[in-house]
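Visitor: I am new to this one. Please pick a single part and look at it closely. Then show me where it belongs.

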Amino acid sequence: MKTQSKNAELIIAMSCTKDWYHYLMVDIYSLLESTKNVKKIYLLIETTNINNVPYLKVISQKYNIEFKLINLNEFLISNLSANSPNRDTIYSNFSFGRLLLPDIVEEDKVIYIDTDAIVRNDISNVWNYDISNCYVAGVKDYGIIADNIITKYGIKGKYINSGFVVFNLKKIREDKLKEKWFMLINKVKLVYPDQDALNIVCQHSEMYLPSIYNSCEYAGDRITMEPVNKSLIKVYHYAGPKEYWVVDRLYGEEWYDAEEKFYNEFRCYSDE
């Protein structure tokens with residue numbers, strides 16, 4: 001269900017370590033080139049100084065965007081237990097950033113986008129989905145469901161991919177979900193820690209979004225083998241192993257095209 005909110009200003013959040021700032025910049029660039037009504041972007045990273053993130057200051061000036069930088073390490077210390085079975089896995093601890101949004105984001109609603117993604121078409125319309133009765137909205141993760149991983153956790157509701165999620169922070173705060181997520185993370189070994197925790201707790205209060213908002217080799221397109229009209233895809237998400245980044249990955253050429261356009265426009269600022 002959608003509500004009418006044509007002039008809505010989007011609030012975005014992203015999270016990564018400093019080793020990923022390059023990919024973060026391409027992600028941000030692709031978002032701002034395709035979606036014109038972004039108001040603020042929260043960056044859950046390793047610094048609060050915009051000058052420590054290459055290109056970020058000039059991007060902020062060009063697009064007139066407010067960036068709010070959060071040193072995520074400080075939030076992880078107080079939420080992720082030193083003895084958590086999900087600490088220091090193959091997944092970065094910064095992947096838990098999306099689950100800390102209730103404590104970080106001032107607004108009542110936010111769109112979280114993974115750093116290993118690019119936005120190629122305007123995502124404004126997703127803000128109009130009425131999620132007032134849901135905690136989160138995201139794209140069905142066909143890969144996880146096909147592998148029957150959810151049966152391990154007794155999930156009988158929905159299961160979404162956490163690479164692109166709309167969070168209803170108002171409802172999440174009211175029901176203290178952040179505390180429930182980290183109680184689980186700090187006690188139970190999970191396969192995909194942040195994503196599993198999110199889905200286990202929210203399974204009966206999630207909304208499925210169209211797959212065009214998270215076109216992912218592992219979560220949809222190749223799993224279902226459904227024909228995809230490429231011109232309709234909003235977000236390309238390169239989930240999975242990162243050894244070769246997007247080489248030979250589904251829609252890999254889209255990421256390289258976004259990267260090339262970014263550097264063609266901003267390489268002159270590389271020494272600032």
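Guide: A polar contact is a pair of N or O atoms within 3.5 Å; within protein, one must be able to donate a hydrogen and the other to accept it, and residues adjacent in sequence count only if both atoms are side-chain atoms. Keep that in mind for Asn 93. A polar atom of the Asn 93 side chain lies 3.2 Å from the backbone nitrogen of Asp 88.

This is a predicted model: local features need pLDDT of at least 70 and side-chain atom pairs pLDDT 80 or more, while totals for chains, interfaces and linings use all residues. Numbering starts from 1 along each chain as its sequence is written, and side-chain values use heavy atoms, with hydrogens and water left out.

Stay with Asn 93. Its loop runs between α3 (72-79) and α4 (101-104). Helices (H or I, at least four residues) and strands (E, at least two) are DSSP runs, numbered from the N terminus. Is Asn 93 buried or exposed? Asn 93 counts as buried, because its relative accessibility is 15%. Buried means under 20% relative accessible area, exposed over 50%, partly exposed in between (1.4 Å probe, protein chains only). What touches Asn 93, leaving aside neighbours within four places in sequence? Its contacts (heavy atoms within 4.5 Å) are Leu 76, Leu 80, Asn 86, Arg 87 and Asp 88.

Compare another asparagine. Asn 229 sits in the loop between α10 (221-224) and β10 (235-237). Asn 229 has a relative accessible area of 45%, so it is partly exposed. Ile 212 is 17 residues away along the chain from Asn 229, and their C-alpha atoms are 9.1 Å apart.

Go back to α3. This helix lies across β1, β2 and β3, running at about 45° to β3. Axes are lines fitted to C-alpha atoms, for helices over the stretch in contact; angles run from 0 to 180 degrees between N-to-C directions.

Now take β1, residues 10-15. Why is β1 described as largely enclosed by the rest of the structure? Because six of its six residues are buried. In a regular strand, side chains alternate between the two faces of the sheet. Here both faces are covered. Leu 10, Ile 12 and Met 14 are buried on one side. Ile 11, Ala 13 and Ser 15 are buried on the other.

Which strands flank β1? Strands pair if DSSP finds at least two bridges between them. β2 (residues 38-45) pairs with β1 in the parallel sense over six bridges. Ala 13 stands opposite Tyr 112 in β4.

Widen the view. The sheet is open and has seven strands, in the order β3-β2-β1-β4-β7-β6-β8, with mixed pairing. β3 (66-71) and β8 (206-209) are the edge strands, each pairing on one side only. From one strand to the next, the twist averages 25°. Helix α9 (residues 193-202) lies across β6 (136-140), β7 (160-168) and β8, at about 55° to β7.

Last, the whole chain. It has eleven helices and ten strands. Of its 272 residues, 55% are buried. Among contacts between residues at least 6 apart in sequence, 76% join residues at least 24 apart.
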